[in-house]
Amino acid sequence: AGTGEFEAGISKNGQTREHALLAFTLGVKQLIVGVNKMDSTEPPYSESRFEEIKKEVSSYIKKIGYNPAAVAFVPISGWHGDNMLEPSTKMPWFKGWAVERKEGKAEGKCLIEALDAILPPARPTDKPLRLPLQDVYKIGGIGTVPVGRVETGILKPGTIVVFAPANITTEVKSVEMHHEALQEAVPGDNVGFNVKNVSVKELRRGYVAGDSKNNPPKGAADFTAQVIVLNHPGQIS
C-alpha cells in the first residue's frame with residue numbers, strides 16, 4: 001500500500017497483475033488479498049488508500065475470472081504485525097473481511113483467520129492414476145527414479161505402472177516424498193518412485209504414469225484444453 005508501490009504492482013507489467021493471473025492460470029481457485037505496508041501509507045493506516053486498492057484489485061481479478069465476493073481483502077502491516085494474528089488498534093475503521101461462496105460464508109478480522117477459512121480441495125483419489133513426469137533421475141544404488149506430482153488416483157509400492165505414450169510397463173519398488181518412504185501417494189503429492197528394469201534413457205519428462213490394471217493413459221483422438229494467453233503483442237481475432 002506504500003505510495004507508488006501499489007501503482008507499480010498494478011501497472012501493465014506489474015507483479016500484482018502477474019501473480020494474480022499466474023495463480024488463476026495454474027488452477028488456484030481461492031485467493032486472499034493482503035494489502036501490506038499499511039503503516040507506510042499517506043497518512044499511515046489510511047482507510048481511503050485501502051479502499052482504493054481494494055476497488056482496483058477487485059476489478060482486475062474479476063476480469064481474470066475470480067469472484068471478488070469470495071476473496072478476503074485484509075489491510076495488514078507485516079513489519080508491525082497489524083491484523084496478522086490479532087485485530088490491530090491502528091485501523092479502527094476496518095470492521096473485518098467477509099466472503100460469500102456457494103460452500104458458505106466466512107468472516108474475520110485478521111489474515112490468519114482468512115487463511116483458516118480456505119477450503120481444502122477435494123483430492124480425486126477415486127479416479128484412475130495419472131502422474132505426469134517432471135523429471136527422471138538415475139540414483140546410484142537405487143536405480144531409475146521418475147519424479148512427478150500425482151494428479152489423480154493413488155500410487156503405491158507394488159503397483160504395476162505403465163508409462164504413456166512409450167507403453168513401458170514395470171513394477172514400482174518404492175515411493176518417496178522428502179526422502180521418506182510412503183505407503184501411498186495421493187493427488188498433490190510430489191514424489192519420486194523407484195522402478196524395476198527400466199533405464200533412464202527410456203523415460204522422459206512429459207510421459208504419464210498410470211496403473212496398468214485400471215484405465216491406463218492412452219492416446220486420444222481429441223481433447224478439450226483451457227488455453228490462457230499470458231501476453232500477446234498483436235490482436236487475436
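**Figure 1. Glu171 is partly exposed, at 28% relative accessibility.** Lys196 is also in the partly exposed class, at 32%. Buried means under 20% relative accessible area, exposed over 50%, and partly exposed in between (1.4 Å probe, protein chains only). The model is predicted: local features need pLDDT of at least 70, side-chain atom pairs count only at pLDDT 80 or more, and totals for chains, interfaces and linings use all residues. Residues are numbered from 1 along each chain as its sequence is written, and side-chain values use heavy atoms, with hydrogens and water left out. A salt bridge is a side-chain nitrogen of Lys or Arg within 4 Å of a carboxyl oxygen of Asp or Glu. Glu171 and Lys196 form one, with their closest N and O atoms 3.2 Å apart. Glu171 sits in strand E8 (residues 168–177), and Lys196 in the loop between strand E10 (190–195) and strand E11 (208–211), so the bridge ties together parts 25 residues apart in sequence. Elsewhere, salt bridges with shared partners join Glu7, Arg49 and Glu52 into one network.

**Figure 2. A salt bridge joins Arg49 to Glu7.** Their closest N and O atoms are 2.8 Å apart. The pair links distant parts of the chain: Arg49 belongs to helix H3 (residues 47–64) and Glu7 to helix H1 (residues 5–10), 42 residues apart. Helices (H or I, at least four residues) and strands (E, at least two) are DSSP runs, numbered from the N terminus. Arg49 is buried, with a relative accessible area of 11%. Glu7 is partly exposed, at 35%.

**Figure 3. Arg149 and Glu151 meet through their side chains in a salt bridge.** The N to O distance is 3.1 Å. Arg149 is partly exposed, at 35% relative accessibility. Glu151 is partly exposed as well, with a relative accessible area of 33%. The salt bridge count comes to 5.

**Figure 4. Helix H2 (residues 15–25) has buried residues Ala20, Leu21 and Ala23.** These residues cover an arc of only 160° around the axis, which puts them on the same side of H2. The arc is that of the directions from the helix axis to the C-beta atoms. H3 is among the elements that cover the buried residues of H2. Gly27 follows H2, and its phi is positive, near 90°.

**Figure 5. Val99 is a buried residue, with a relative accessible area of 4%.** Val99 lies in strand E3 (residues 97–101). Contact means heavy atoms within 4.5 Å. Setting aside residues up to four places away in sequence, Val99 touches Ala69, Ala70, Val71, Ala72, Gly104, Lys105 and Ala106. Tyr137 is 38 residues from Val99 along the chain, and the C-alpha atoms of the two are 45 Å apart.

**Figure 6. Thr144 is buried in strand E6, at 7% relative accessibility.** The strand covers residues 143–149. Neighbours within four places in sequence are left aside here. The contacts of Thr144 are then Val136, Tyr137, Phe193, Asn194, Val195, Val198, Ser199, Val200 and Leu203.

**Figure 7. UniProt lists residues 143–208 as "domain: Translation elongation factor EFTu-like".** The listing comes from an unreviewed entry. UniProt positions are given in the numbering used here, feature names are shortened, and annotations may be inferred rather than shown by experiment. In the model, the span is 0% helix and 48% strand. Its end C-alpha atoms lie 19 Å apart.
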